[in-house]
Amino acid sequence: MQPGAAAAMEPAPGPQEKYQLITRNLQEVLGEEKLMSILKERELKIYWGTATTGKPHVAYFVPMSKIADFLKAGCEVTILFADLHAYLDNMKAPWELLELRTRYYEQVIKAMLESIGVPLEKLRFVRGTDYQLSKEYTLDVYRLSSVVTQHDAKKAGAEVVKQVEHPLLSGLLYPGLQALDEEYLKVDAQFGGVDQRKIFTFAEKYLPSLGYAKRVHLMNPMVPGLTGSKMSSSEEDSKIDLLDRKEDVKKKLKKAFCEPGNVENNGVLSFIKHVLFPLKSEFVVLREEKWGGNKTYTAYEALEKDFAEQVVHPGDLKNSVEVALNKLLDPIREKFNCPELKKLSSAAYPTPSKAKPGEKGTKNSEPEDVIPSRLDIRVGKVISVEKHPDADSLYVEKIDVGEAEPRTVVSGLVHFVPKEQLQDRLVVLLCNLKPQKMRGVESQGMVLCASSVGEPRQVEPLDPPAGCCAGERVYVEGYEGGEPDEELKPKKKVFEKLQADFCISEDCVAQWKQRNFLTKLGTVSCKSLRGGSIS
C-alpha cells in the first residue's frame, strides 16, 4: 500500500463532523440551522476579512487556526484584505500607505498560514478595492444608505470603528460595506471576532431589504492580550509582533499577566486554548525534573484545571508557550529576513520622525485632540502601604498594575483613608504621568479619588468593578479604542484639561462629560460622594 493510500481511504467527514470542526472554540453562531442545512447539501463558502491597518500580531493566529479548521471541514475559504475599510476607519491606514500595507498584510498572512501548515492553493485571496469601486457595488452602497438609519450605522460600528470626539462620515459607511461584502464575495457565511457581532446583526437586518440573502455568522471569542485586556495593535505591551526577536518574545511573556491559579483574562492560557491546542491537539509543559519533569496535555481542560489548582506554575507555562510560539514565528522571521520584505515592512510602517520647524506637528500646527483615550488609566492592586518617612500626610504605596514590578506611588490620603482600608484593595491608577519626586520619593502614578465639594473635605479612592484584575485598562465610554500617550507632557496639561470635566454622578459613577468610566466588567464608582470631583 502506498503511504498516502490509508489517508485517501479515510471517509470524508459527514455533515455533523464538519459542523463540529467549523464551530469548535467559537463563542457564538448566528444561523445554526441554516449552517447545518447547507452542510447536508454541499460545502460551505465562507470568508474572513481583515482591515489592513496596524501590524498583525500573534493573536492573528487565532483566526488562522480556525481557517485551518474550515479547510479540514471542506469549506471554500476566501480571505479579504479590506484595504478600503482600513482607510474608512478614521484613516487608520493613510491613503498613501494603503497599497504598501495591503501588500505587507498579504505577505505576512500567507507566511502565518504556511507556518501552521495551511495549503495556500486551497484559499482565495481578494482585495476590497478589486470590486468595491465597481459601478454595481457603488450603486448598492447608495441603495443601502437610503434605508439605513444613522443610529443603526453608528451602533453597528461601535465595537469596531475607532471612536473619536468628532467622528467622520466614513465610519458610518463602514458597516454597510462589510455587509455588502457578503453578497459580492458570493459566500454563505462570514467569520470574525465577537466584537463584530453588531455589524453581523446589521447585515442580517439590512441585506434582505436589497433582495439579498441573510448569511450565517461565526464568531470567535476575543482573546485577552498579555496585559489581560484585548490584544491590540495599538497597545504595545498587550501584543507580540510576528517579527519580534526571540529576546523580545521572552521579555513580553515575562511581563504578561498570568496570576497563579487565575484562569480569567489570562492571555497566556487563552493563546494555548485557541491556537496551540487546535494546531497540535496537545501541549507540553516544560519543567525541570525536580518539579515533576515535562507533562503532555491532550485536552485543554486538564491543563486549565491543573493551572487553577496551581499544579502548573505560571513561569513554566510562559516558558513552554515561548518555545511553542517561537516555532511558529521562526519561518515568518526567516521569510521577512530578505531585503525586499524588509524594505516593504519599513515602507508600510515608517518610524515616526520628529517634525522640522515649520512642518506639521510644530507650534503652528493644528492643536492636538485632548480626549480621554490619551490617558493610561489601569486597575491597580495595593500590595503595601507605608507612611512617607518625611511627610506626615503622605502614604508610599506599592501598586501592582500588571507589569513586571509594582509601581511606587505617593498619595496624600493619610488624613482621609486609614492604612488598613488601602491594603490589598483595588484602585484606579493614572499610569502615564511623568514620574516626579514627592519629598524625596519618586511617584510613578496617581491614585484617582472622588472628593466632596465644600468643607469638611472627604476623599474616597475610586472603585473598579468587582472581579477586575491588576493591569486591566480603564477607559471612558465611547473612547475604548484609542491609544494612550506613552507619557503625558506636563507643559501640554492634557490631564488637567480632561480633569476639568471629571465628576461623580448622582449614582456615584465616575464620569467625563457624562460618559462613564468603564472596564470590561462594568462601571467605575465611589462609595458615597455623589456630585463630587475626581482628582
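Colleague: Is Y349 buried, partly exposed or exposed, going by its relative accessible area?
Modeller: This is a predicted model, so the answer describes the prediction. Y349 has a relative accessible area of 15%. Buried means under 20%. Y349 therefore counts as buried.

Colleague: What kind of aromatic pair do Y104 and Y349 form?
Modeller: A pair of aromatic rings is described by the distance of the centres and the angle of the planes. For Y104 and Y349, the centres are 5.2 Å apart and the planes stand at 75°. Planes over 60 degrees apart count as edge-to-face. The pair of Y104 and Y349 is edge-to-face.

Colleague: How many aromatic pairs does a search of the whole structure find, and what kind is the pair of Y104 and F336?
Modeller: The search of the whole structure gives 14 aromatic pairs. In the pair of Y104 and F336, the ring centres are 5.5 Å apart and the planes meet at 65°, so this pair is edge-to-face.

Colleague: Is Y104 buried or exposed?
Modeller: The relative accessibility of Y104 is 0%. F336 is buried as well. With that value, Y104 counts as buried.

Colleague: Which residues are linked by ring pairs into a cluster?
Modeller: Here the ring pairs join residues into a cluster. Its members are W48, Y60 and Y105.

Colleague: How many nonpolar, polar and charged residues does the contact of α4 with α6 have?
Modeller: From α4 come F61, M64 and I67, which meet I109, M112, L113 and S115 of α6. By class, that contact has 6 nonpolar, 1 polar and no charged residues.

Colleague: Is the crossing of α9 past α10 left-handed or right-handed, and how do the residues of that contact divide by class?
Modeller: Helix α9 (residues 170-184) and helix α10 (residues 197-206) pack at about 65°, with axes 9 Å apart, and the crossing is right-handed. Y174, P175, G176, Q178, A179 and E182 in α9 meet I199, F200, F202 and A203 in α10. The contact divides into 7 nonpolar, 2 polar and 1 charged.

Colleague: What is phi of K493, and is K493 buried, partly exposed or exposed?
Modeller: K493 is in the loop between β18 (473-476) and α17 (494-499). Its phi is near 50°, a positive value in a residue other than glycine. At 45% relative accessibility, K493 counts as partly exposed.

Technical notes:
Residues numbered from 1 in each chain as written. Predicted model: local features only at pLDDT ≥ 70, side-chain atom pairs only at ≥ 80, totals over all residues. Heavy atoms only, no water. Contact = heavy atoms within 4.5 Å. Helix = DSSP H or I, 4+ residues; strand = E, 2+ residues; numbered from the N terminus. Nonpolar A, V, L, I, M, F, W, Y, C, P; charged D, E, K, R; others polar. Phe/Tyr/Trp six-rings, centres within 6.5 Å; stacked < 30°, edge-to-face > 60°. Buried < 20%, exposed > 50% of the residue type's maximum accessible area, 1.4 Å probe, protein only. Axes fitted to C-alpha atoms, helices over the stretch in contact; angles between N-to-C directions. Left-handed = near helix turned anticlockwise from the far one by under 90°.
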